[in-house]
Every structure is written in structure tokens, then in C-alpha cells.
Amino acid sequence: MTEKDKTKTTKEKASLAAKPESKLEEIQTKRERKTVLMQGNEAVAYGALDAGVDFFAGYPITPSTEIAEILAAELPKRNGAFIQMEDELASICAIIGASLAGAKALTATSGPGFSLMQEGIGFAKITETPCVVVDVQRVGPSTGMPTSPAQGDLMQSKWGSHGDSPAIVLYPDSVKESYELTIRAVNLSEKYRTCVILLLDEVIAHMREAVCLPDIANVRIINRIKPTVPPQWYKHYDENQKYLSPLASFGEGYRYHVTGLTHDSHGFPTNKPSEAAEMMERLRKKISYNIRDLVQIESYEMEDAKIAIFAAGITSRAAKAAIATARAEGIKVGLLRPLTIWPFPDDAVRKMLRNVDTVIVPELNQGQLIHEVQRLTKDKSDGGLIPINKVSGELITPNDILNKIKEVC
Amino acid sequence: MTKTYEVRLSGSGGQGLILAGIILARAAVLENRKVTQTQSYGPESRGGYSHADVIISDRDIHFPEATNISCLLALTQEACDKFLFDLSDNGILIIDTTFVKNLALASENTYEVPFTDIAQEKLGSPISTNIMALAFLVKVTGIVKESSLKKAIEESVKPAFIDVNLKAMQIGFDLAKK
């Protein structure tokens, strides 16, 4: 240990309880800037800590358990709180409550728990409370196949809660990206005051890869906007120009009402059509007016592609492997990969559809994303849009995709 | 050595194959190689199927599961039967003859060693069979350096078990010399 490190550690010990910033310093010291073998779920846990998450409530479920396991060990060291709840209904409610009290709150689950959380997710959205739900997908419906991969929750992550509820859903394809998108999920939840969902594939959650996490100083953190007005002027749901309103925490002297009922700008229930419409429009616009900020895509070997593969998460990695083989044989094929699946990257998909003859949509379900691509398909006959589906608990392999590419070219 | 090396360590739950996979992957990380490690296992903590895949390459690895296996380690008959046909043309097959009794396709790249029996006899317990077999695999294939494997074992197992695992590693290396 160098002299400098010693000073730092002593300083840290002294300030651990006193200064909130000490949380970040501690992680940085512990991290040791080197490449390590890391699991997807570990990356999510460290991403959450780096993003400033200081509250986790959850109920362990494979294949997401490691996230809870790591946060149970790490949060108390950083003055954060970890609670193992009695079930997922309580877990989602606990993170909403913690968030209203000022915490950055996150939970992690898998399909069965994600289903139970849907009512709470709708509550977080209508009350515009920042929180993050990590759903590590496994084969469903119901208890399905624990520890086997599936991409069956893509539509549920948008439509799982009743009523119109615009969603922000992120979808990484690697261990490193799991870290990055966890931070992004926390940031977006704070910025847009909503429940952001991070979808993970079982394989990515359990996969280990060589990862070097960035220096904490280079991690961009977004915190919720705090009100600057005196309490009597505070509106809990106030519209500024981008439909992002400040959020006061409980206990700061600002009073507001929190309800799942349709409400006015102070949070009190209303049945007035004009106020109801205004609330619903705000929920919609804060997503749809900020599409450019929310949507992230990766365009891979698409410049001259005649065939495009549209795939997310682990399936996109099979696609990349297939593309390498196909390109070596002179077939012009590329990949469009959404890192944000909701809101759906309409513009990028339209552009892809204009430039290629055929789009292949491989997914580990019986056909979900393909309908979104279909929605944007105008001039093409059905022949131009080809699904590959698998729901057996196995992955779609590079060969599955390569064979389809060869069939169509 | 090919640029991308796909290893599958297979057997049943409780034989320590996933730990062996993690150790092999960690050894590759120590050498600054690209690596992915995945696994598949049944709900049982003992018994049932289990396998770990490790892909080591100098290029980015897209698909993280072994589809064209360069080296297959099979510690049970079931695993051997299940994955044998995914072995690539010049692939290396290593079997534990304590449990694998029937072998349909023996080739010159097949190594038959009673790992579990040897572990029981020399270490008094089958618990380090995984490390012994992994060391044998590393020596035969040369995918990572012996020193990297040693360091990865030291980083991955609890301090109390380092000695017995390093002994198992040495036995594995010695078996491969023969």
C-alpha cells in the first residue's frame, strides 16, 4: 500500500459515517483498477452502487439472486439499506416508499416476481416515483424453467401493468453493458421520475466476462431535480418545459398527496376530465417528447447490408457470430440492436427497413419484437420479415441464424 | 493453437465443474485474453446435469456458448454421450473412466484417465477431481500457462483449500506428462 493510499483509507474511515460522498470513494478504493472476471448480475449490483442506489428491497429468485446477495453485503457498508421482503408485492412497494423518502431504490427479480410487481410498477408510474426494477428473464409462463434463458417478458415490460403506461426498458448484451445500463436505468428513473426496467437474459446475468469498470470519477450520475420554491408553492406534479418536474422527499417540509388514483398537480384524486387528461398526457409526453434522449441502438455492419437482423440481448450475440461467418462468405448482412427496447426505436427501424430487402428477427419467445417491426413495415410483403423463435430453454445459436440467412439470400 | 478455443467441462452437479470453469476463465483473464464463461445446470445442487463452457480467444467473443468444442471434459457417462457429437473434428476428448465406461468414438485425441479414483487414492477424497482434471486439460491443450492456472486457483478457492487443490493440480499436470 502506498503512502497516498494509506492517507486515503484513514481519511475514509474517519468520514465514513459523516460524509455521503464517502460512499463513492470507498467503492473506488475497493475496486482496484484492473480487469477482473465478473458475472452479469455482479455488474448490475456494482452498477447500482456506483449509480448511488442506497436502498434495495427484494425477494430472492433465480436467476437474479446474486444481485440481492451482493447488495445485502455491500449496502450496509455504505450506509445503505437492504431488506429481504416477504414477497415481490411488498418489495416493489418498499422501493417506492424508500424513493419517496429520498433514496435511490432498486429491486431485482425474475418472471414470476415480475408478474407480482406489475401493480406496483403501475403505481410508481402514475405517482411518478423514481425506481428501478431488474427483471432477469427465465422461461415462462408461471414458474417456467428456472435457470433457463428466454426473452418472454419483452411485451410484459411495457404492457404488464394495466392502463396506458409509457415505459422505459433497457436491455444489455454483455457483462460490461449490464453495468453501464444499470447506471443509465437509475439515471433515467431519477430524471424522468418513473419506474425504469432493466431486462436481462439469464445467460448474461450468469455469464462471466473480463471487465474493467471505469473510474468512479468518469461515471455520470443524474439526481432527481429538487424543488427550489417554498413549500407552499410546491406542486408535486409540476410541468416544466420537458415534462420533468421537481420531486421533494418526505420529511423535507413539502407536503403532497400520493395516490394511485388519477390526481391533480398536488396529488389529490380527481375525476375532472380536464385534469385526468392532463395527467395522462404528461405521462405520455415525458417519454415521447424525449425519445432521442431515451433510445439507444447499435448498428453493426449495416452500411452495405441487404439482410438485416433485428435482435436484442443475448440473441444479438448469436447474430454477430452468424454475421462474421456470413460476411466471410460474401453475404451482406448486418445487425440492428436496440439497447432501449421501450420506447421502441421506430426511426432506426424505419431506416433499416428502407435499406434492406429482408429482416430476420430472432428472439427467445414465440414472436414479440417482430410485431413491432411489422408495425413499421409498409411496402414490404410478409416475405421480407422472417422470425426465428425458440422457447425450449436453449439459446438461438449462430448456426440457427446462419441457416436462415442462407435460406433467404 | 487456434485463435478461439472452446472448452466444455461437463458432468453432474456437485463435481465442481462451474468452479473449474471460473478458474480457467480467470487464468485467461490473467493473460489478458478475451474470455466468456457460461454454465447450465439443473435445479439440484448435487446430481443432475451440469456443464460449464469457457471460450478463450484473442478476438471479441460474440456467442458465449461452446458450439464447436475444441476440448470436452466429461466426468460422467451421461455428459459424454450428450456432448460428444458437438466435439470439433480435431477436438480433444478427456474422460474420467471412473464413471465413463462406454465410449463410442475413441480417437487418437482421446485421453482416458480415472480422475475420481486417483483423487480418492492420492488425496483421500474425490473433492478435488475437478482441479485435477482441469490441470490435466490445461497441460494437454496448452490453452493457458500452468503458472496462470496456479494463480487462478489461489485466487478462487478458500485459503484452507488452496494446498489440497494445488496438490491436485500437480497430480493433474503429472498425469498429462505420461
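A residue is called buried if 20 or more other C-beta atoms lie within 10 Å of its own, exposed if 12 or fewer do, and partly exposed in between, with C-beta atoms placed from the backbone. The views below show a predicted model, in which local features need pLDDT of at least 70, side-chain atom pairs count only at pLDDT 80 or more, and totals for chains, interfaces and linings use all residues. Residues are numbered from 1 along each chain as its sequence is written, while chains are lettered from A and ligands numbered from 1 in the order in which they are written.

**View 1. The buried side of helix H3 of chain B.** Helices (H or I, at least four residues) and strands (E, at least two) are DSSP runs, numbered from the N terminus. In helix H3 (residues 115-123) of chain B, the buried residues are B:Phe115, B:Ile118 and B:Ala119. They lie on the same side of H3(B) because they cover an arc of only 100° around the axis, the arc being that of the directions from the helix axis to the C-beta atoms. An α-helix has 3.6 residues a turn, so residues three or four places apart point the same way. The cover over the buried residues of H3(B) includes strand S5 (87-96), strand S6 (110-113), helix H4 (129-141) and helix H6 (162-177) of chain B. After H3(B) comes B:Gly124, with a positive phi near 80°.

**View 2. The side of chain B that touches chain A.** Two residues are in contact if their C-beta atoms, placed from the backbone, lie within 7 Å. By this criterion, 17 residues of chain B are in contact with 20 residues of chain A. On the chain B side, helix H1 (17-30) and strand S2 (34-41) each supply at least two residues. S2(B) gives the most, with 7 residues. The residues of this side of chain B comprise 8 nonpolar, 6 polar and 3 charged; Ala, Val, Leu, Ile, Met, Phe, Trp, Tyr, Cys and Pro count as nonpolar, Asp, Glu, Lys and Arg as charged, and the others, Gly among them, as polar.

**View 3. Strand S8 of chain A and its partners.** Two strands pair if DSSP finds at least two bridges between them. Strand S8 (residues 208-211) of chain A and S2(B) run antiparallel and are joined by 2 bridges. A:Arg208 has B:Gln37 as its bridge partner in S2(B). Within chain A, 4 bridges join S8(A) to strand S1 (residues 36-39), and these two strands also run antiparallel. Here A:Leu37 has A:Ala210 as its bridge partner in S8(A). From S8(A), A:Arg208 and A:Ala210 point one way and A:Glu209 and A:Val211 the other way, and all are buried.

**View 4. The two domains of chain A.** An automatic or database domain assignment supplies the bounds, giving chain A domain 1 (15-218) and domain 2 (298-408). The centres of the two domains, taken over C-alpha atoms, are separated by 28 Å. In all, 21 residues of domain 1 are in contact with 20 residues of domain 2. On the domain 1 side, the elements giving two or more residues are helix H7 (156-159), strand S6 (168-170) and helix H9 (202-206) of chain A. S6(A) gives the most, with 3 residues. This side of domain 1 divides into 14 nonpolar, 4 polar and 3 charged residues.

**View 5. The open sheet of chain A.** In chain A, 7 strands form an open sheet of mixed pairing, in the order S3-S2-S4-S5-S7-S6-S12. Strand S3 (81-84) and strand S12 (340-342) stand at the edges with a single partner strand each, so one side of each has no neighbour in the sheet. S6(A) runs parallel to strand S7 (residues 195-201) of chain A, to which 3 bridges join it. A:Val169 has A:Ile197 as its bridge partner in S7(A).

View 6. Most residues other than glycine have a negative phi, and most peptide bonds are trans. A cis peptide bond with omega about 5° joins A:Thr62 and A:Pro63; A:Pro63 lies in the loop between strand S2 (55-58) and helix H4 (65-74) of chain A. The peptide bond from A:Gly140 to A:Pro141 is also cis, with omega near 0°. A:Pro141 is in the loop between strand S5 (131-137) and H7 of chain A, and A:Ser142 is found in the loop between S5 and H7 of chain A. Phi of A:Ser142 is positive, near 55°, and A:Ser142 counts as exposed because it has 8 C-beta neighbours inside 10 Å. In chain B, B:Asn32 lies in the loop between H1 and S2 and has a positive phi of about 60°. B:Asn32 is exposed, with 10 other C-beta atoms within 10 Å.
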